[in-house]
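Morning, everyone. Please have the sequence and the model open while I talk.

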Amino acid sequence: MGDVVIRVATNEDRDRIFSLLRSAAVWLCERGIDYWQNWHNPPATHIDWIDGGLDAGEFRIVESRGAVIGCLRIQESDEHFWGVRPEAARYLHSLTIERTLAGQGIGRKVIKMIEESAALDGAGLLRLDCGVDVVGLRAYYESCGFEAVGETTVDGERLTLYEKPVLSA
């Protein structure tokens, strides 16, 4: 895989973001994992979440050699999942990489790039959430250096809260 770049998503990327999330849901379903299944036919709240993230400039597109290979959303605060937190942090959501590229280390590279960007912005932590029962994904995040720091329930879904310190630039 060539150079990986992350750019701010535009409204023109909207359909591609939905496609990437839908593909991830299909991949999970094919493996018997009941997670992200709402992306097959997203409810209005999920559509609004994507549109709000696009309008706020929070969605990113991951590209390699000019091709879109993934997406993510990065926020400076996340009261919906984390409540009010005083620490400067970045909140990572919906990290999705094309499943045909699995095993090439792209997700880890993207996480590292997000960490570096967060450090340059003065954030000391990178945070994310993951379904309590999604054991494989939780193990992946833990292997990337994230530590479970709590649990929450959002819209009826039990989630583990993860964070990792971001090294200063």
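Which residue lies over the face of Trp49? Arg73 does, at 4.5 Å from the ring centre. A charge sits over a ring here if NZ of Lys or CZ of Arg is within 6 Å of the ring centre and within 35 degrees of the ring normal. Arg99 is placed over a ring too: its charged end sits 4.1 Å from the centre of the ring of Trp27.

A word on the ground rules. This is a predicted model, where local features need pLDDT of at least 70, side-chain atom pairs count only at pLDDT 80 or more, and totals for chains, interfaces and linings use all residues. Residues are numbered from 1 along each chain as its sequence is written, and side-chain values use heavy atoms, with hydrogens and water left out.

Now the rings. The structure holds 6 aromatic pairs. Rings of Phe, Tyr and Trp (its six-membered ring) pair if their centres lie within 6.5 Å; planes under 30 degrees apart count as stacked, over 60 as edge-to-face, the rest as tilted. Tyr140, Tyr141 and Phe146 form one aromatic cluster.

Next, empty space. Rolling a probe the size of a water molecule over the atoms shows where it is left. We use a 1 Å grid over the protein atoms alone and a 1.4 Å probe. A pocket is an open set of points with protein on both sides within 12 Å along at least five of seven lines, and lining residues have an atom within 4 Å of a point. Volume is the space filled by probe spheres set on the points, which are joined across faces, edges and corners.

How much space lies in the largest pocket? About 1400 Å³. It is lined by 47 residues, and Leu28, Tyr35, Trp36, Ser94 and Leu137 are the closest to its centre. That lining divides into 23 nonpolar, 14 polar and 10 charged residues. Nonpolar means Ala, Val, Leu, Ile, Met, Phe, Trp, Tyr, Cys and Pro; charged means Asp, Glu, Lys and Arg; the others, Gly among them, are polar.

Strand E4 (89-97) gives the most to this lining, with 6 residues. Helices (H or I, at least four residues) and strands (E, at least two) are DSSP runs, numbered from the N terminus.

The second largest pocket has a volume of about 230 Å³. Its lining has 13 residues, with Arg60, Ile74, Arg90, Ser117 and Asp121 nearest the centre. Strand E3 (67-75) and H4 each give two or more residues. H4 gives the most, with 4.

Back to Ser94, in strand E4. Its phi is positive, about 55°, although Ser94 is not a glycine. Most residues other than glycine have a negative phi. Asp155 also has a positive phi, near 50°. Asp155 is found in the loop between strand E6 (147-154) and E7.

Which of these two is buried, and which exposed? Buried means under 20% relative accessible area, exposed over 50%, partly exposed in between, using a 1.4 Å probe and protein chains only. Ser94 is buried, at 11%. Asp155 is exposed, at 70%.

Last, the cysteines. A disulfide is a pair of cysteine sulfur atoms within 2.5 Å, and the count comes to 0. For Cys71, the nearest cysteine sulfur is that of Cys130, 16 Å away. Cys71 is buried, at 0% relative accessibility.
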